[in-house]
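Please look through the structure shown below, and then read the briefing that goes with it.

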Amino acid sequence: MREHTMLLEWYEEQWRYVGGGSGSGDGPVHVDVLDVHDGGGALSLTRRLDLPGSLTAAPWIGCAKVRVGRDVGHVLIGARRIEAPEQRGLIAVWTSPPHINRGARPVIVAVGRDGAELSRLGPHDSLDTATWARWREEV
């Protein structure tokens, strides 16, 4: 299996390709609570074509694969709420202003069906809070 992720942006009244990538697909994967990986991004077209200084003035479009466990009702990605899809995975996409760290993603929070926070992953975290807690118990 191969996966290809394309980043498209609504620009000048049509969808335009701004970047993407491909790799081997991983098929169904069991996730206890929250897993975020395979991120990427590209410069937005909205300022990239404006010279001079277009590369430093262009916003960043970032993305990452998000997978959630069966107990997750929805995911908060920054200020957006996304219902957990039946297949338990989605591609999260966001924009960052030009002067913000382009590698940083928004805070991602897994929320249970009862509204309780189950786990969270900060902009630079590699393990979510639920995984850290489980790891500390095992050590």
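This is a predicted model: local features need pLDDT of at least 70, side-chain atom pairs count only at pLDDT 80 or more; totals for chains, interfaces and linings use all residues.

Residues are numbered from 1 along each chain as its sequence is written, and side-chain values use heavy atoms, with hydrogens and water left out.

**Overall make-up**

- The protein contains three helices and nine strands, where helices (H or I, at least four residues) and strands (E, at least two) are DSSP runs numbered from the N terminus.
- Read from the N terminus on, the elements come in the order β-β-β-α-α-β-β-β-β-β-β-α.
- Of the 139 residues in the protein, 37% are buried; buried means under 20% relative accessible area, exposed means over 50%, and partly exposed lies in between (1.4 Å probe, protein chains only).
- Among the contacts with a separation of 6 or more, 51% are between residues 24 or more positions apart, and a contact means heavy atoms within 4.5 Å.
- The accessible surface of the protein is about 8,600 Å², and 55% of this surface belongs to carbon and sulfur atoms; such areas come from the Shrake-Rupley method with a 1.4 Å probe, and for residues only the protein chains shown count as cover.

**A sheet of four strands**

- Strands of a sheet pair through backbone hydrogen bonds, either parallel or antiparallel.
- Here, an open sheet of four strands is arranged in the order β6-β5-β8-β9, with antiparallel pairing; two strands are said to pair if DSSP finds at least two bridges between them.
- The edge strands of this sheet are β6 (80–83) and β9, each of which pairs on one side only.
- From one strand to the next, the twist averages 20 degrees, with axes taken as lines fitted to C-alpha atoms (for helices over the stretch in contact) and angles running from 0 to 180 degrees between N-to-C directions.
- Strand β5 (residues 72–77) pairs with strand β8 (residues 108–112) in the antiparallel sense, over five bridges, and Val-72 has Gly-112 in β8 as its bridge partner.

**Ser-119 and Thr-129**

- Ser-119 belongs to strand β9 (residues 117–121), and Ser-119 counts as buried because its relative accessibility is 1%.
- Leaving aside neighbours within four places in sequence, Ser-119 is in contact with Val-33, Leu-34, Ile-108, Val-109, Ala-110, Asp-128, Thr-129 and Ala-130.
- Thr-129 lies in helix α3 (residues 129–138), and because its relative accessibility is 39%, Thr-129 counts as partly exposed.
- Thr-129 and Ser-119 are ten residues apart in sequence, and their C-alpha atoms are 5.2 Å apart in space.
- Not counting residues up to four places away in sequence, Thr-129 touches Ser-119 and Arg-120.

**A nonpolar surface patch**

- Met-6, Leu-8, Trp-10, Trp-15 and Tyr-17 make a nonpolar surface patch of about 600 Å²; patches are made of residues with over 30% relative accessible area and no salt bridge, with like charges joined within 9 Å and nonpolar side chains (Val, Leu, Ile, Met, Phe, Trp, Tyr) joined within 5 Å.
- Strands β1 (2–11) and β2 (14–24) each supply at least two residues of this patch, and β1 gives the most, with three residues.
- Trp-15, which is found in strand β2, is exposed because its relative accessible area is 56%.

**Salt bridges**

- Side chains of opposite charge can pair when their charged atoms come close.
- The count comes to four salt bridges, a salt bridge being a side-chain nitrogen of Lys or Arg within 4 Å of a carboxyl oxygen of Asp or Glu.
- One of them joins the side chains of Glu-12 and Arg-16 (3.2 Å, N to O); Glu-12 is exposed, with a relative accessible area of 54%, whereas Arg-16 is partly exposed at 26% relative accessibility.
- Another joins the side chains of Glu-83 and Arg-81 (2.9 Å, N to O), where Glu-83 counts as partly exposed at 48% relative accessibility and Arg-81 counts as exposed at 54%.
- The side chains of Glu-117 and Arg-120 also meet in a salt bridge (2.9 Å, N to O); Glu-117 is partly exposed, with a relative accessible area of 44%, and Arg-120 is partly exposed, with 35%.
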